[in-house]
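Here is a short note for someone opening this structure for the first time. Please read it with the model on screen.

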Amino acid sequence: MGSQEKHIELRISHRGSPYVAVLGGRSPEYGFERIFNPFHRRCVRLLDGRQEQVHMLPNSSLTYEIEEVRDGKRVRWYAATLEGDATIYHISRYGAQMVAREAISIRQAIREYPEMPPIELEEE
C-alpha cells in the first residue's frame, strides 16, 4: 500500500462484539477519551467459515484501542498509525497513555513502547 492511499485496512475477528476506537486525550473516569467504530467497516466470510470485520483506518497519525476475540478469549490491544505509512504498529497501553497525555509523540510510542502480551478479559 503506497503512501498516497487514503486508508489502511485493519482486519479483526468478527466474534464477540469487537470494536476499534480512536483514542484521544485522558479521561479521569474512563482512562481514555474514545470514539468507537468511527470508520467504514464491512464483514467478510473467510473460506474456513470464520468472519472478519474489515476497518478502513485513515492514513493519519492516530492511536487506537482494539478489542476482539482471539482463541476464544477477549483481548484488548493498542495500535498506532503514522501519516504516509501504511503499517499498523502494535504499541503498549502505557505508550498509548503517554501519547494521550501528550508526554510523547506517536513515533516515540512506536519506538519505545512496543506491544506487550494482550490483556485477556473475562467473558461476560
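Which residues of α1 are buried?

1. Helix α1. The buried residues are G95, A96, Q97, M98, V99 and A100. Buried means under 20% relative accessible area, exposed means over 50%, and partly exposed lies in between (1.4 Å probe, protein chains only). Six of the eight residues of α1 are buried, so the helix is largely enclosed by the rest of the structure. The cover over these buried residues includes β2, β3, β6, β7, β8 (85-91) and α2. Contact here means heavy atoms within 4.5 Å. Just after α1, E102 takes a positive phi of about 65°.

2. Basis of the note. This is a predicted model, in which local features need pLDDT of at least 70, side-chain atom pairs count only at pLDDT 80 or more, and totals for chains, interfaces and linings use all residues. Residues are numbered from 1 along each chain as its sequence is written, and side-chain values use heavy atoms, with hydrogens and water left out. Helices (H or I, at least four residues) and strands (E, at least two) are DSSP runs, numbered from the N terminus.

3. Aromatic pairs. The structure holds four aromatic pairs. One of them is Y19 with F36: the ring centres are 5.0 Å apart and the planes stand at 75°, so the pair is edge-to-face. This pair links distant parts of the chain, with Y19 in strand β2 (residues 19-27) and F36 in strand β3 (residues 31-36), 17 residues apart. Y19 is buried, at 13% relative accessible area. F36 is partly exposed, at 48%. Rings of Phe, Tyr and Trp (its six-membered ring) pair if their centres lie within 6.5 Å; planes under 30 degrees apart count as stacked, over 60 as edge-to-face and the rest as tilted.

4. A pair at the helix. Y94 and Y113 also form an edge-to-face aromatic pair, with 5.1 Å centre to centre and 70° between the planes. Y94 sits in helix α1 (residues 93-100), and Y113 in the loop between α2 (106-112) and β9 (119-121), 19 residues apart. Y94 is partly exposed, with a relative accessible area of 40%. Y113 is partly exposed too, with 25%.

5. Strand β2 and its partners. What joins β2 to β3? A hairpin does, through three residues. The two strands run antiparallel and are joined by five bridges. S27 stands opposite G31 in β3. β2 also pairs with strand β6 (residues 62-70), again antiparallel, through four bridges. There Y19, the residue from the aromatic pair with F36, stands opposite E67 in β6. Two strands pair if DSSP finds at least two bridges between them.

6. A charge over a ring. R26 lies over the face of F32, at 5.5 Å from the ring centre. The criterion is NZ of Lys or CZ of Arg within 6 Å of the ring centre and within 35 degrees of the ring normal.

7. Strand β6. Seven of its nine residues are buried, so β6 is largely enclosed by the rest of the structure. Nine bridges join β6 to strand β7 (residues 73-82), and the two run antiparallel. L62 stands opposite T81 in β7. The hairpin of β6 and β7 has two residues between the strands, and D71 takes a positive phi near 50° in that hairpin.

8. The open sheet. Three strands form an open sheet in the order β1-β5-β4, with antiparallel pairing. β1 (7-13) and β4 (41-45) stand at the edges, each with a single partner strand, so one side of each is left without a neighbour in the sheet. Neighbouring strands of this sheet are turned by 30° against each other on average, direction ignored. Axes are lines fitted to C-alpha atoms, for helices over the stretch in contact, and angles run from 0 to 180 degrees between N-to-C directions. Seven bridges join β1 to strand β5 (residues 51-58). In β5, Q53 is the bridge partner of I12.

9. E52. Is E52 buried or exposed? E52 is buried, at 16% relative accessibility. This residue is found in strand β5. A polar contact of 3.1 Å joins the side chains of E52 and R11. A polar contact is a pair of N or O atoms within 3.5 Å; within protein, one must be able to donate a hydrogen and the other to accept it, and residues adjacent in sequence count only if both atoms are side-chain atoms. Leaving aside neighbours within four places in sequence, E52 is in contact with R11, I12, H14, R42, C43, V44 and L46.
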